[in-house]
Every structure is written in C-alpha cells, then in structure tokens.
Amino acid sequence: MTVQRLFPTLVYRGRLKQTGWRAFNNRLLQECRQLRLDDAGGRHWSAKNYPGGYTSYNSVNRMHEVSPTFAELQRRLLRHVRSFSSSLEFDLEQRELAMTDCWVNIMPRQVVHGLHLHPLSTLSGTYYVKTPKGCPGLKFEDPASIVSWPRHPAGRTAGRTIVPG
C-alpha cells in the first residue's frame, strides 16, 4: 500500500512594512473598538455565537467598503496578495482577485473563534491588530480533516500552530 500527500495547504506570512504602520495600526484598533460599541446587531449575534467575544461577521462584514481605514488596509494588503498569487502562479491578467469580505473579531482571553472553513475563497487572510501577551496564535487544520473522520489529537496530522508576529 502507498500513501501519497497531495494538495498541500500553502500559508503566506508577511508584515505591513510601509511607513507609518504603527499609527495606522492604532487607527484600526480604535475603529475596531468603536465598531463593537456601535454595532448592536453584532453584539447581539456575538452573545449567542461567541460568548464573551465580539464579531461583526454577521452584521458589518464588508469593512473595506464602509471604512476608509479598512479600505487602506485592503490597499496595504494588496502587495501581499499579489506576491502570494505570483508564487502560486495565478494568472491575474485575465481576472484580478478582489476582497469580498472583511470583518472584525475581538476575542479576549479564554474566548476562541471556532474551527471553520472558507469554502468559497480563493485566498483567505487574517490581520492581527493586537493580540494579548502569550497569545497562542492562529491554528491551522488540514481542511480535509474538518469535513472527514476525526483525527487523534496527538497524532502526527494534528493541527499546527503558527504564532503571529
């Protein structure tokens, strides 16, 4: 019997290195906090689905279209999207990739964003505006394992953690 590994999941990691990133990041942080205060629908949905946390996923999920600050984040991320797309040999001359969704998650200590997929996405990304000290990072699971038989948690195919930073 032969077992082959096919269809690896590639992960790109980069930083916003443009000048003024710290001030920009502070503007993002202020806007995220203000959104949580203003978004009654998001707070209500989050209380049911993310107890202790907040997400605008079900209420304001196109931040790049309603906020100049998030539109700037979209512009700053574009060079990373192009770089990763190039490494994947995507043909962006025929059709450009576009950001379709962009939302805010605020998850304090002991609150987690559960295991999920982005099935209709060509690329998905996460930008950490701020993380608590000692934050364990982003955990990636094999997408096939999410829709297949559960794996042993200590097995060699268990999820890998990538610490942001």
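A polar contact is a pair of N or O atoms within 3.5 Å; within protein, one atom must be able to donate a hydrogen and the other to accept it, and residues adjacent in sequence count only if both atoms are side-chain atoms. Such a contact of 2.3 Å joins the side chains of Ser-67 and Glu-31. The structure is a predicted model, in which local features need pLDDT of at least 70 and side-chain atom pairs count only at pLDDT 80 or more, while totals for chains, interfaces and linings use all residues. Residues are numbered from 1 along each chain as its sequence is written, and side-chain values use heavy atoms, with hydrogens and water left out.

## Overall architecture

The chain has 5 helices and 4 strands, where helices (H or I, at least four residues) and strands (E, at least two) are DSSP runs numbered from the N terminus. Along the sequence these elements follow the pattern α-α-β-α-α-β-β-α-β. Of the 165 residues in the chain, 21% are buried. Here buried means under 20% relative accessible area, exposed means over 50%, and partly exposed lies in between (1.4 Å probe, protein chains only). The areas themselves come from the Shrake-Rupley method, and for residues only the protein chains shown count as cover.

Ser-67, the partner of Glu-31, lies in the loop between α3 (63–66) and α4. Ser-67 counts as buried because its relative accessibility is 4%. His-64 has its place in helix α3 and is likewise buried, with a relative accessible area of 7%. A polar atom of the His-64 side chain lies 3.1 Å from the backbone oxygen of Met-99.

## Salt bridges

Side chains of opposite charge can pair when their charged atoms come close. A salt bridge is taken as a side-chain nitrogen of Lys or Arg within 4 Å of a carboxyl oxygen of Asp or Glu. By this rule the count comes to 4 salt bridges.

| Pair | N to O distance |
|---|---|
| Arg-27 and Glu-72 | 2.7 Å |
| Arg-62 and Glu-65 | 3.1 Å |
| Arg-82 and Glu-96 | 3.8 Å |

Glu-72 is buried, at a relative accessible area of 18%, whereas Arg-27 is partly exposed at 37%. Arg-27 and Glu-72 are also linked with Arg-76 in a network of salt bridges.

For the pair of Arg-62 and Glu-65, the closest N and O atoms are 3.1 Å apart. Arg-62 is partly exposed, with a relative accessible area of 35%, and Glu-65 counts as exposed at 52%.

Arg-82 and Glu-96 form a salt bridge. This pair too links distant parts of the chain, with Arg-82 in helix α4 and Glu-96 in the loop between α4 and β2 (105–106), 14 residues apart. Arg-82 is partly exposed at 45% relative accessibility, and Glu-96 is partly exposed at 42%.

## Surface charge

Which residues gather in a patch of positive charge on the surface? They are Arg-13, Arg-15, Lys-17 and Arg-79. Patches are made of residues with over 30% relative accessible area and no salt bridge; like charges are joined within 9 Å, and nonpolar side chains (Val, Leu, Ile, Met, Phe, Trp, Tyr) within 5 Å. Lys and Arg count as positive and Asp and Glu as negative, while His and the chain ends are not counted. The place of a charge is NZ of Lys, CZ of Arg, CG of Asp or CD of Glu.

## Loops and backbone geometry

Most residues other than glycine have a negative phi. Glu-89, although not a glycine, has a positive phi of about 60°. Glu-89 is found in the loop between α4 and β2 and is exposed, with a relative accessible area of 72%. Gln-110, also not a glycine, has a positive phi of about 70°. The place of Gln-110 is in the loop between β2 and β3, and Gln-110 is exposed at 80% relative accessible area.

Pro-108 lies in the loop between β2 and β3 (138–140) and is partly exposed at 38% relative accessibility. The C-alpha atoms of Pro-108 and Pro-132 are separated by 7.8 Å, the two residues being 24 residues apart along the chain.

Conventions:
Accessible areas come from the Shrake-Rupley method with a 1.4 Å probe; for residues, only the protein chains shown count as cover.
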